[in-house]
Amino acid sequence: MPQHVGRRGQGAGDAVAILIGPGGPTPRARRVLRGRLAGRCDPHRPRRADATGDATVRPGPGVLVAILIGPGGPTPQVELRDFTVGVSELRSSSAPEGRCHTAPKGKARFVSMLRSSSAPEGRCHSSVSRKREDPPPLRSSSAPEGRCHRTPTTYGCPRSRCDPHRPRRADATPPTPCPTTPRHRCDPHRPRRADATLFELGFCLRRGAIVACLLPTRPGIAGEPGGVSLHASHSEVMVQKFGGLVVVRVAARSGMLWCPYGVAFQAGRSGGGCMWAHSANVLGRRQLLSDHARSTAVLAARFAGEFGAGELGFALGLFHDAGKACRLWQEGLLRAEVHGGRVGVPHKELGANLLRGVAGAAAMAVHGHHGGLTSPGELRALDPGDAVRGRDEVEAFLGVLPEAEKVLTGAPTSLLPAGWRRGNTVAEMGVRLAFSALVDADHLDTAAHAKGRSGPRVRDDVDMAVLRDRFEAARRDRLAGRTGSPVDAVRERVYGQAVRCAGDAPGVFRLPAPTGSGKTWASAGFALHHAARYGKRRVIVAVPFITVTEQNAAEYRAMLGADAVLEHHSAVHVPESGAARWAARAAAENWDSPFVVTTTVQLFDSLFARTPSRMRKLHRLANAVIVLDEVQALPLRVLTPILDALRVLTEYFGVTVLLASATQPSFPEFDVWRGLRVRDIVENPRELFAAMRRVRYEWWLNPRPTLAEVGERACSHEQVLMVVNTTADARSVFQGWKESGAEGIFHLSTRMMPAHRRTVLDEVRERLSDGRPVRLVSTQLVEAGVDIDFPVVFRAFAPAEAVQQAAGRANREGTLGTDGLVVVFAARDMSSPAGYVLGSAVTAEFFGPRGDGMVRPDDVDALDRYYRTLYRRANAEYGTRAAEIQRNRKRLDFQSVAEGPERAMGEVNGRDPALAFRMLDDDTVPVAVTDHDGPTPAAALIARLRREPEQAGTVLRQLQPYLVALPKRLLQDPAIAALCEPVFGDLYEWTGPYDTDYGIDTTSGSEREVW
């Protein structure tokens, strides 16, 4: 005969248990909350109950597990982390010996609706545990006389058993009709197993019902009442529908307790709950705010630990999404999940507001972790009253992350490393790197959740000694397999000196080696040996031109392995707000490889940027070796902030810098480098330059020829390289050669995609090796670092460093038996970019014919005088732009550094980009070439990018060989703009013709750039 459950003080907080019989689950549960919840199981369904056989359940403090018993399959177990309550065991006669069901312990009340396919239409299972007192026993006809099943709520595990030989009918207390019975439905067509989880429920409730609520007591405080009072009155319990979802909110003493999707939510300081950071991923699961905050904190601490700011990184990660504890944000997340779009509720302010006391200016990292760093004024504008204890969102955040409270107890600015107080630009660099550590950690953890991974994937640090040994082995193999050269002895000497200097203490080094002396290998050898000796995490090689990046990256990949080398020079910029923001995250590189090859434009534009995607990689600079190849090409207008940043990185952030160039600039003369020790790797540069002289110069300056005359004379040589200053001149010379019917003519400029340029260079090298005619006209991209060897070089008049670099392509291997020829010409109709004017004028003063003699561009003493004069006349150190950038850096005004200061009435007139940090003043846009004698691989990549923008990172890396950078101003020409189809961010697809000889032709405009 069924036994009814006796009522003991039914009212708010009362509880009933679930009866689990050997023949099947018979939950008859009732919750009295000024109204009752009831649930039934279909008595006609199969009576087999499969209790958990999963030995991975580990009851213990901090774990709360909800159990659903279903008739046709294993019991799903839903683990809710972050609850500081214990657990106890609930045994069932269907569980094998030694196994148990786990349920919340007596220190918590828990009400949840768990849907199962064993429940009939419109019914549900309800599981309840209660605080303090045990629930009443539930009798069943299958239980022996005097025995019962019960839900334990105290420590220990009950040992009562049901007689397995009794009839398989379990009749617990009959349900009482309930006006608030949930109306969620179970799919009758689902497999007959228990298939509900707390993370996958979507109820349709009557007003006043409660889906789930968890109100644990605050641990460690004796006598404090646990949780808050709950009432089902319409004034205190509110139900809102958003499409098919329902949010239940319950008024609470210390905040709002609300329960989306039937998942327990916790208010105030009651100990923890399911508060979301991100919407459902590919597995249909949301991410807990506490999980995301802790994972981000751990990663950010790891990244920032490289520069002694681990505690700061942890705090930034823990607090960065504190604003998501706001009720409106959580509701917005549910709306966005159903209807699409953005949450629409800002969440950056709360964490920044809470942290600004202990983190100082570094709290800007939290404030800008989506939109970018701004200025301290943004922090000062925050209302301190919005971050005081007692406010709903503050209490909710500290409730789910109680460890955050300890962070806030520190002294003012206590999280900032002591070294950051030694100078404003030191603090500025520290904030930049801390911001980078935060956004990289945030992006990694968010991406892991979106892809359904258990955690973020972070590449382990590579043992640099292994890479060093791999490089040395590859170098020996290459030397053994190549034909000897007269300059090999000099190269071996330079390499040996570089490796010996690698043992010196970290700092700033110079490699003043002439062209052709093996700087590529010597600089890499120094970097790898130094990194292995001093525990540096990576080597970053930055070169001025993409062509050099491509060549060097290929060389290093062949020697170190493709998995060890990252080539990064993509110029695609993606908006970091709006619909493209997730694609921006996917496209951002974080330089997690041990050997990175990039451009100086990518490196320094990122270093002085302010947005997350541009700065995500910056923390990788800490404790790294940075090799700046062809350092003479750094733009004068921003040289002061670059040099200051390099000094700060070496003195405070564990960086070693190597400056490699055949024409070493006089950087120590700048005030920002005064007192800085700069060590030369080469012991006697003058002797080395003298030993490497293998060309003679001819100056064709007076009378000045025409460009056609120069081209005709150059074409008279069987093998010749002609270097001009602009793409227009290169195209003009090439067309003249083509009309003359000359054999073996080639053209190079950056209007050709990298894959095309590589093909041309390969064919040129083959012809040079075979002794066949080869005539190449190129812009200056061929000068710096391109391994090519002509007997004759013609160079348009240019600054001294450019002339010397071009001369390095003549008789490079010293195999002619005589000196190579370098002709420096000044055609009266040639064009030059504006940036060449001053350098060319100073070059004319110091180099070339002088009376009865001549001063060569590789004269070390003349180069030193040249650079000093050039810097003084250009006002490179104290120019308006450099001074403004430095002033804004010291004020920690990141936005003014990156975008320029506000003009008068800035809200109307905007910012002045002429005073912003920019490596290139002429903005460019990347254009993908999808057709060159048939579709290129870029065609499929562009289609994939349009179809799957979330794969931007992978696709853009693969697109690099097919991108051409066009001046942005060219797109103002309607004829050219019509041929550029927008793809992604500022990436375009070129739909016009692509010439086999010189690539994209935009001859409609006047082009006077160095390309």
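**Reading the Parallel Sheet and Its Surroundings**

Me: Which residue of strand 20 does Val 543 stand opposite?

Reply: Val 543 stands opposite Thr 599 in strand 20. The model is predicted, so local features require pLDDT of at least 70 and side-chain atom pairs count only at pLDDT 80 or more, while totals for chains, interfaces and linings use all residues. Residues are numbered from 1 along each chain as its sequence is written, and side-chain values use heavy atoms, with hydrogens and water left out.

Me: How many bridges join strand 18 to strand 20?

Reply: Two strands are said to pair if DSSP finds at least two bridges between them. Strands (E, at least two residues) and helices (H or I, at least four) are DSSP runs, numbered from the N terminus. Strand 18 and strand 20 run parallel and are joined by five bridges. Strand 18 also pairs with strand 21 in the parallel sense, over five bridges, and there Ala 542 stands opposite Leu 628.

Me: In what order do the seven strands form the open sheet?

Reply: The order is 19-20-18-21-22-17-23, and the pairing is parallel. Strand 19 (565-568) and strand 23 (678-680) are at the edges; each has a single partner strand, so one side of each is left without a neighbour in the sheet. Axes are lines fitted to C-alpha atoms, for helices over the stretch in contact, and angles run from 0 to 180 degrees between N-to-C directions. With direction ignored, neighbouring strands of this sheet are turned by 20° against each other on average.

Me: Which residues are bridge partners in strand 22?

Reply: Strand 22 (residues 656-661) is joined to strand 17 (residues 508-512) by five bridges, and the two run parallel. Across that pairing, Val 508 has Val 657 as its bridge partner, and Leu 511 has Ala 660. Strand 21 pairs with strand 22 in the parallel sense over five bridges as well; here Leu 658 is the bridge partner of Val 627.

Me: Why is strand 22 largely enclosed by the rest of the structure?

Reply: A residue is buried under 20% relative accessible area, exposed over 50%, and partly exposed in between (1.4 Å probe, protein chains only). Six of the six residues of strand 22 are buried, so the strand is largely enclosed by the rest of the structure. Thr 656, Leu 658 and Ala 660 cover one side, and Val 657, Leu 659 and Ser 661 the other; all are buried. In strand 18, six of the six residues are likewise buried: Arg 538, Ile 540 and Ala 542 lie on one side, with Val 539, Val 541 and Val 543 on the other.

Me: Which strands does helix 12 lie across?

Reply: Helix 12 (residues 519-534) lies across strand 17, strand 18 (538-543), strand 20 (595-599), strand 21 (624-629) and strand 22, and runs at about 165° to strand 21.

Me: Which residues does Thr 549 touch?

Reply: Contact means heavy atoms within 4.5 Å. Thr 549, in helix 13 (residues 546-560), is buried, with a relative accessible area of 0%. Not counting residues up to four places away in sequence, Thr 549 touches Val 543, Glu 567, His 569, Val 597, Thr 598 and Thr 599. Thr 549 and Val 597 are 48 residues apart in sequence and 6.3 Å apart in space, C-alpha to C-alpha.

Me: At what angle do helix 10 and helix 11 pack?

Reply: Angles under 35 degrees count as roughly parallel, over 145 as roughly antiparallel, 65 to 115 as roughly perpendicular, and the rest as oblique. Helix 10 (residues 464-480) and helix 11 (residues 488-501) pack at about 170°, with their axes 14 Å apart. Helix 10 is therefore roughly antiparallel to helix 11. The contact is made by Phe 471, Glu 472, Arg 475 and Leu 479 of helix 10 with Glu 492, Tyr 495 and Val 499 of helix 11.

Me: What do helix 7's buried residues pack against?

Reply: Eight of the nine residues of helix 7 (residues 392-400) are buried, so helix 7 is largely enclosed by the rest of the structure. These buried residues, including Phe 397 and Leu 398, pack against helix 1 (289-304), helix 2 (310-319), helix 4 (348-359) and helix 8 (404-408).

Me: How many helices and strands are there in the protein chain?

Reply: The protein chain has 30 helices and 35 strands. Of its 1011 residues, 60% are buried.
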